[in-house]
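Please read them with the coordinates open.

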Amino acid sequence: MNQAIILAAGKGSRLSKYTHNVPKTLLPIKYGQTILERMLSQLINNGITEVIIVLGYQYKNAFSIIKELSESYTEININIVENCNYDTTGTLKSLLVGIDSLPYPNEDFIIIEGDVICENKIINNLVKESG
């Protein structure tokens, strides 16, 4: 397995005082690192080479930040796509948008919520357990 979809389209309304300019996935967590940066590092460390990031809320701002950030991650191909109707459709539509953008649609992939922080061994176990 070498591909993942990161679902980061939601507004994060419960954290609205922090997410008025960016989605939750771009919030800093430790040493200035964002949730997304941690996630990308974990995916790279576990052999993932293709990542689809589905955005919605604050798309233009998040797109430019992630595009610039992606230049630092040369080991991974990052494709940013938009769920234009994120505010009325929710997570399932974002997943379908991501699936439509997979480079290898007939192969396994990991789905990760964009605001999840987990230990590396969880990603490692997911990659090992394909199918």
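In which loop does Tyr31 lie? Point 2 takes this up, after the basis of the values.

1. Basis. This is a predicted model, in which local features need pLDDT of at least 70 and side-chain atom pairs count only at pLDDT 80 or more, while totals for chains, interfaces and linings use all residues. Residues are numbered from 1 along each chain as its sequence is written, and side-chain values use heavy atoms, with hydrogens and water left out.

2. Positive phi values. Tyr31 lies in the loop between strand 2 (28-30) and strand 3 (33-34); helices (H or I, at least four residues) and strands (E, at least two) are DSSP runs numbered from the N terminus. Its phi is near 55 degrees, a positive value in a residue other than glycine. Most residues other than glycine have a negative phi. Tyr31 counts as exposed, at 79% relative accessibility; here buried means under 20% relative accessible area, exposed over 50%, and partly exposed in between (1.4 Å probe, protein chains only). Gln58 also has a positive phi, about 55 degrees, and is not a glycine. Gln58 is found in the loop between strand 4 and helix 2 and is partly exposed at 29%. Gly47, which follows helix 1, has a positive phi near 85 degrees.

3. Overall form. The protein chain has 5 helices and 6 strands, in the order β-β-β-α-β-α-β-α-α-β-α. Its radius of gyration, taken over C-alpha atoms, is 14 Å. This agrees with the value near 14 Å for a compact globule of 131 residues, the rule being 2.2 Å times the number of residues to the power 0.38. The C-alpha atoms fill a box of roughly 40 × 35 × 25 Å along the principal axes. Of the 131 residues, 41% are buried. Among contacts (heavy atoms within 4.5 Å) with a separation of 6 or more, 74% are between residues 24 or more positions apart. The chain exposes about 7400 Å², with 48% supplied by carbon and sulfur atoms; accessible areas come from the Shrake-Rupley method with a 1.4 Å probe, and for residues only the protein chains shown count as cover.

4. Nonpolar cores. A nonpolar core is a set of buried Ala, Val, Leu, Ile, Met, Phe, Trp, Tyr and Cys residues joined through side-chain atoms within 4.5 Å. The largest has 27 residues, and Leu40, Leu43 and Ile53 have the most contacts inside it. Strand 1, helix 1 (35-45), strand 4 (50-55), helix 2 (59-70), strand 5 (77-82), strand 6 and helix 5 (120-128) each supply at least two residues of this core. Its largest share, 5 residues, comes from helix 1. Apart from this core lies another of 8 residues, including Ile5, Leu7, Val97 and Leu102.

5. Helix 1. The buried residues of this helix include Ile35, Leu36, Glu37, Met39, Leu40, Gln42 and Leu43. Beyond neighbours within four places in sequence, Leu43 is in contact with Ala4, Ile6, Ile48, Val51, Ile76, Ile112 and Ile123. Ile35 is buried at 7%. With residues up to four places away not counted, Ile35 touches Lys24, Thr25, Leu27, Ile29, Gly114, Asp115, Val116 and Ile117.

6. Gln3. This residue is in strand 1 (residues 3-8) and is buried, with a relative accessible area of 0%.

7. Salt bridge. The whole structure holds 1 salt bridge, defined as a side-chain nitrogen of Lys or Arg within 4 Å of a carboxyl oxygen of Asp or Glu. Glu119 and Lys121 form it, at 3.8 Å from N to O. Glu119 is partly exposed at 46%, and Lys121 is exposed at 55%.

8. Ser101. This residue sits in the loop between helix 4 (91-100) and strand 6 (110-113). Ser101 touches Ile52, Asn79 and Val81, with residues up to four places away left out.
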